Amino acid sequence: MKPLNQAIMLFKKPICSIFILSFSLVLALVFLSPSSLFSELSVPSSSSGVRTDIWSLRRIVEWRPCNWWLEDKSAALPAKTNGYIRVDCYGGLNQMRRDFCDGVGIARLLNATLVLPKFEVAAYWNESRLYACLSGFADVFDVDHFIQEMDGFIQVVKELPAELTSKEPFQVDCRKRKGHFDYIETVLPPLLQHRYISFTPQMSQRRDRYPHYAKTSLCQACYKALRLTEALEKKSDELLQAIPKPFLALHLRFEPDMVAYSQCQYSGLSTESMKAIDAARGERKPWTGEAAHIWRKRGKCPLTPRETAFILHSLGIPRNTNIYLAAGDGLMGIEGLTSIYSNVYTKSALLRDEDFKAMHGNTKAALDYHVSINSDSYIATYFGNMDKMVAAMRAFRGMYKTLFLNRKAFSELTFQGLKGKQLKRELWRVHRDEFVMGRGSALPDCFCEFKL
């Protein structure tokens, strides 16, 4: 039997070796495949049992400035201008910034000279006309730096030529203009006729169809040329230095006007908060019944501070995290956040009382913007103008710890009856997928997707 046993042993060794080799190859394929990343990330805690925070995940995709913008030289400016354009901007600081950037692209498209824009803020911030006069473009942005950075991209003037100084610009309605042919066919003729026009760009621009020289001018203006004034940067740096490091900037939107605009209803708010919401509603009545459920499931309702704290904890954000609250005045239900995250800092608490009271809405928004683009990480509960601008600027600077909380997913999961640990697991999964894929982390107009 001894020769037989030896033969069996010799037969077993090759089979065993083949099995081990095959198993190793299978493991290698599993761990190196893209799907394995999601399998690994599906566990929101490390082997030691300590919850992993969202920032520790390896990204698959990042948004970076497109090469055509950074490397391609802009087309030479024509020797003669077709006229002068003033961009009229309304709303909050970041909405006006977005409109102005669009205006730069349109002015370059039409071969026009850009006049410094008109910023109208009184109505948006409910401030006096005096504050509106004190918060123009030059009161927020460094004019000389802007003109210097735009040299070669578009002509910019501080003052009109003598023959036009006494004239008011001819106003052009651009509410229905979206593509570059719209502007060439309907805006260029009055520009050539009147020589000096003004307009407010349409919100839903088709910037993807602009020629490269117009898109390059827009990108250059938005992310390189627009810089806060020296005084504002100094005040912003003082605020930045006062915040304990490292810190998370949280843009939390739950002010009375925001809730009123959303047409959503909330239970558990204080009597004072409910009165403030009712006062802000005006003719905009809240949805009721089935319509209210549909509206909320579509993610149209702002997250409360308590809901925000729950999601942050689901993402593994430690409770001792230093959080700078980038928010407007009148934020409601803040105790829902501070009861979980106690290290919360605001500009009103960190700045001197006289400095804070002297600020108008645009100044406060500028401080929040500066702190947010310089924070170690940034999370927004909404996807508004500030969030888009901050995310894009952070991507431009190579800062990718940026995330937008998914209101729609939160609503859908809660409507399914999920709660507690089960809800946290699903919230982790949703935000994990969005973070590693870089979804919503930058504006597509000037940024391109890079696979890592």
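Modeller: Exposed is over 50% relative accessible area, buried under 20%, and partly exposed in between, with a 1.4 Å probe and protein chains only. Helices here are DSSP runs of H or I with at least four residues, strands are E runs of at least two, and both are numbered from the N terminus. Bear in mind that this is a predicted model, where local features need pLDDT of at least 70, side-chain atom pairs count only at pLDDT 80 or more, and totals for chains, interfaces and linings use all residues. Residues are numbered from 1 along each chain as its sequence is written, and side-chain values use heavy atoms, leaving out hydrogens and water.

Biologist: Which residues of α14 are buried?

Modeller: α14 covers residues 271-281. Seen down the axis, its buried residues fall within an arc of 75 degrees, taken from the directions from the helix axis to the C-beta atoms, so they line one face of the helix. An α-helix has 3.6 residues a turn, so residues three or four places apart point the same way. The buried ones are S273, I277 and R281.

Biologist: What do the buried residues of α14 pack against?

Modeller: Packing is judged by contact, which means heavy atoms within 4.5 Å. By that criterion, the buried residues of α14 pack against α13 (256-262).

Biologist: On to the open sheet: which strands are at its edges?

Modeller: The sheet has 5 strands with parallel pairing, in the order β9-β8-β7-β10-β11. Two strands pair if DSSP finds at least two bridges between them. β7 (residues 247-251) and β10 (residues 377-380), for instance, are joined by 4 bridges. Pairing on one side only are the edge strands, β9 (344-345) and β11 (402-404).

Biologist: What angle does the direction of helix α20 make with that of β8?

Modeller: α20 (residues 361-373) packs on the sheet, touching β7, β8 (322-326) and β10. Axes are lines fitted to C-alpha atoms, for helices over the stretch in contact, and angles run from 0 to 180 degrees between N-to-C directions. For α20 and β8 that gives about 145 degrees.

Biologist: Now β1: which residue in β12 stands opposite E62?

Modeller: β1 (residues 61-65) is mostly covered, with 4 of its 5 residues buried. Over 5 bridges, β1 pairs with β12 (residues 447-451) in the antiparallel sense. Opposite E62 stands F450.

Biologist: How far apart in sequence are the parts that C66 and C448 tie together?

Modeller: The two cysteines form a disulfide, S to S 2.0 Å; the cut-off for a disulfide is a pair of cysteine sulfur atoms within 2.5 Å. The torsion about their S-S bond is about 105 degrees, so the disulfide is right-handed. C66 lies in the loop between β1 and α3 (67-70) and C448 in strand β12, so the parts tied together are 382 residues apart.

Biologist: Is the link of C219 and C446 right-handed or left-handed?

Modeller: Their sulfur atoms are 2.0 Å apart, and both C219 and C446 are buried. With -95 degrees about the S-S bond, the link is left-handed.

Biologist: What is the distance from C89 to the nearest cysteine sulfur?

Modeller: C89 is buried, at 0% relative accessibility. C89 is in no disulfide, and the nearest cysteine sulfur, that of C101, lies at 9.0 Å.
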